[in-house]
Amino acid sequence: MCEECYSDENRITPLLNPLDCLENHTQYICGTCGRCICIEHDPNRGLQRWKFPFKSLEIAKYYLRTADYTTKGSCGIYEIENSKGRVSYKIFAGNEDLHLFLKKNKDKKCKQMTPVFNVGEYKEYPHAEIRKLTSDEIKQYMSER
């Protein structure tokens, strides 16, 4: 597992519409393995990919580094269950954010109330970059997938 971005697969992301994401969104470029992770911030709604629910813990791990970097802290992945028993995984900066989410979403619960995954302490990495890729970098990245 990459110490910086927590993935074993350095070209796994973006998962959905990878070419569109690489061409149009700002990326967190892992300074250790070179993996690109969408860190685009929607200025209208204030949303970033890491704030959405994920179908699996593994997919949530792919986006955890962008949450850590954005908050400058060690975030955690929590298992959330809705009233119909459907499980998803969400990243929160901490228990306070989890409690606020649960208060607003009465149909959801978190049985453990602790992260199912986090990395401990937040760490900065000097070679990480936050920027849009050039067309040559996109071609190279896509060819390595």
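## Fold, cores and backbone of a predicted chain

Read from the N terminus, the elements of the chain follow the order α-β-β-α-β-β-α-β-β-β-α. That comes to four helices and seven strands. The model is predicted, and what follows describes that model.

The overall dimensions come next. The chain has 145 residues, for which a compact globule would have a radius of gyration near 15 Å; the value here is 16 Å, which agrees. Along the principal axes, the C-alpha atoms occupy a box of roughly 45 × 30 × 30 Å. Of the contacts between residues at least 6 apart in sequence, 62% link residues at least 24 apart. Buried residues account for 38% of the chain.

In soluble globular proteins, nonpolar side chains tend to be buried together. In this chain the largest nonpolar core holds 20 residues, and Tyr-63, Leu-64, Ile-77 and Ile-91 have the most contacts inside it. Helix H2 (57-71) and strand E4 (87-92) are the elements that give two or more residues to this core. The largest share comes from H2, with five residues. Ile-91 shows how the parts meet: residues up to four places away in sequence aside, Ile-91 touches Trp-50, Phe-54, Ala-60, Tyr-63, Leu-64, Ala-67, Cys-75, Gly-76 and Ile-77.

Beyond its neighbours within four places in sequence, Gly-76 is in contact with Leu-64, Lys-90, Ile-91, Phe-92, Pro-115, Phe-117 and Asn-118. Leu-19, by contrast, is 57 residues from Gly-76 in sequence and 28 Å from it in space, C-alpha to C-alpha.

Which residues does Arg-145 contact, leaving aside its neighbours within four places in sequence? They are Arg-11, Ile-12, Pro-14 and Pro-18. Arg-145 itself lies in the segment after helix H4 (135-143). Arg-145 and Arg-11 are separated by 134 residues in sequence, yet their C-alpha atoms are 5.4 Å apart. Arg-145 is partly exposed because its relative accessible area is 40%, which falls between the 20% and 50% limits.

The backbone has some further points to check. Most residues other than glycine have a negative phi, and most peptide bonds are trans. The bond from Thr-13 to Pro-14 is cis, with omega near -5°. Pro-14, a contact of Arg-145, sits in the segment before helix H1 (18-24).

Tyr-6 is also in the segment before H1, and its phi is positive, near 65°. Lys-72 likewise has a positive phi, near 55°, and is located in the loop between H2 and E3. Are these two residues buried or exposed? Tyr-6 is buried, with a relative accessible area of 6%, whereas Lys-72 is partly exposed, at 42%.

Conventions. Residues numbered from 1 in each chain as written. Predicted model: local features only at pLDDT ≥ 70, side-chain atom pairs only at ≥ 80, totals over all residues. Heavy atoms only, no water. Rg over C-alpha atoms; globule rule 2.2 N^0.38 Å. Buried < 20%, exposed > 50% of the residue type's maximum accessible area, 1.4 Å probe, protein only. Contact = heavy atoms within 4.5 Å. Core = buried A, V, L, I, M, F, W, Y, C linked by side-chain atoms within 4.5 Å.
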